Amino acid sequence: MNSSPAHTQPAVPAADSVSGTPDAPARTGYVPGPDTLRAETDFAGTNFANPAFAETAFADGGSAPFSVAATGAAPSEWRDTTSAAIFGAQSTLAEPARIPLAPPPPLAENALFQSFVLLLAATYAMLLYRNLGDVRTLLGRISRDAATGKRFSEDPGGSGYSRFLNIATAIGLLFLGVAAVKYGDTLMPGRLAASIPQGAALIFSLLVSLASLGIAAYQTIAVRLAGALTLSQPFIAQLMLLKRTCFALGMILISPPLLLFALCPQGTGGVWFCIIAVELAAAAVLYLKETLNLFLSKKVSILHWFLYLCTVEVFPVSLLWLLAVK
């Protein structure tokens, strides 16, 4: 039977995808996905590994089993398979490279907390500017002769100086909270820091300042009660003035490096931390020396001085530290 011209199609040479020659027939076909194979019903039960089939199927250089893709006919059957059947039994799954999550920002680098630190820095600068004479008086008393043991316990007079000491004490309590947050952020493990909200840094700083205010209130009540029992209120007044003066002096000297240390990124600022530690040690030694001189000038035994330090200074701080650790 002769085919009509309408049912005939001239053979057009196609470019070979490998050699690029126009005489070679085009090699087109359906490429299965990694986990799915498509089998045609026309080739069901055919042994594709048979050499005789390969010679007849690929004699023209084409791709007979995948002629469906060339003709555009829809596949008649889909068959699911596994990756081991496609890539071999010895194949293994390769886990994709996972991009590690960025670590949470440190608590001290929170924008709200750093804004609070900058506000404290501005308050500190304003205090120095408006009370420059009181600051010179306070710093000048360090170089005075300490033979009388009263250089820090003498009130220079004037309500302006007392107001300066009160403001300096309040700013110092806030700086204690900032120092606690920065130091705690340095020692805190990363997993624990990730579970703490970033806005909690400012709240924690204010809580530490409030706890420091509670310690100061306890010390004042204990000392005033001891003065009422021993009828030595003038001595207690001098002791309280000495405490406020040394605390204000320490705040003025330690605040600049503390501000720089609080604004440093995590893992840096070791130089500022060392300066803060040296100044804290110097302020503590100065306070111990001045209180001892005051006790000796009032003919009070050293045993009472030790009792004062253990009961008033060491006990509340150690109790608060134990509660915080637990």
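1. Over the ring of which residue does the charged end of Lys182 sit? In this predicted model, the ring is that of Phe261, with the charged end of Lys182 placed 5.3 Å from its centre. Phe261 also belongs to an aromatic cluster, which it forms with Tyr183 and Phe273.

2. Aromatic pairs number 8 in the structure. One of them joins Tyr124 and Phe175 in an edge-to-face arrangement, with 6.4 Å centre to centre and 80° between the planes; since Tyr124 lies in helix H4 and Phe175 in helix H6, the pair ties together parts that are 51 residues apart in sequence. Tyr124 and Phe175 are both buried.

3. Another edge-to-face pair is made by Phe235 and Phe295, at 5.2 Å centre to centre and 90° between the planes. Phe235 is in helix H9 and Phe295 in helix H10, so this pair ties together parts 60 residues apart in sequence, and both residues are buried.

4. The largest nonpolar core has 32 residues, and among those that touch the most other members are Phe113, Phe164, Phe175 and Ile252. Helices H4, H5, H6, H8, H9 and H10 each supply at least two residues of this core, the largest share, 10 residues, coming from H9. Beyond its neighbours within four places in sequence, Phe164 is in contact with residues including Leu127, Leu138 and Ile252. A second, separate core of 14 residues includes Val223, Ile236, Tyr308 and Val312.

5. The count of salt bridges comes to 1, formed by the side chains of Lys243 and Glu313 at 2.9 Å, N to O. This pair links distant parts of the chain, with Lys243 in helix H9 and Glu313 in helix H11, 70 residues apart. Glu313 is buried, its relative accessible area being 15%.

Notes:
Residues numbered from 1 in each chain as written. Heavy atoms only, no water. Salt bridge = Lys/Arg side-chain N within 4 Å of Asp/Glu carboxyl O. Helix = DSSP H or I, 4+ residues; strand = E, 2+ residues; numbered from the N terminus. Buried < 20%, exposed > 50% of the residue type's maximum accessible area, 1.4 Å probe, protein only. Core = buried A, V, L, I, M, F, W, Y, C linked by side-chain atoms within 4.5 Å. Contact = heavy atoms within 4.5 Å. Phe/Tyr/Trp six-rings, centres within 6.5 Å; stacked < 30°, edge-to-face > 60°. Lys NZ or Arg CZ within 6 Å of the ring centre and 35° of its normal.
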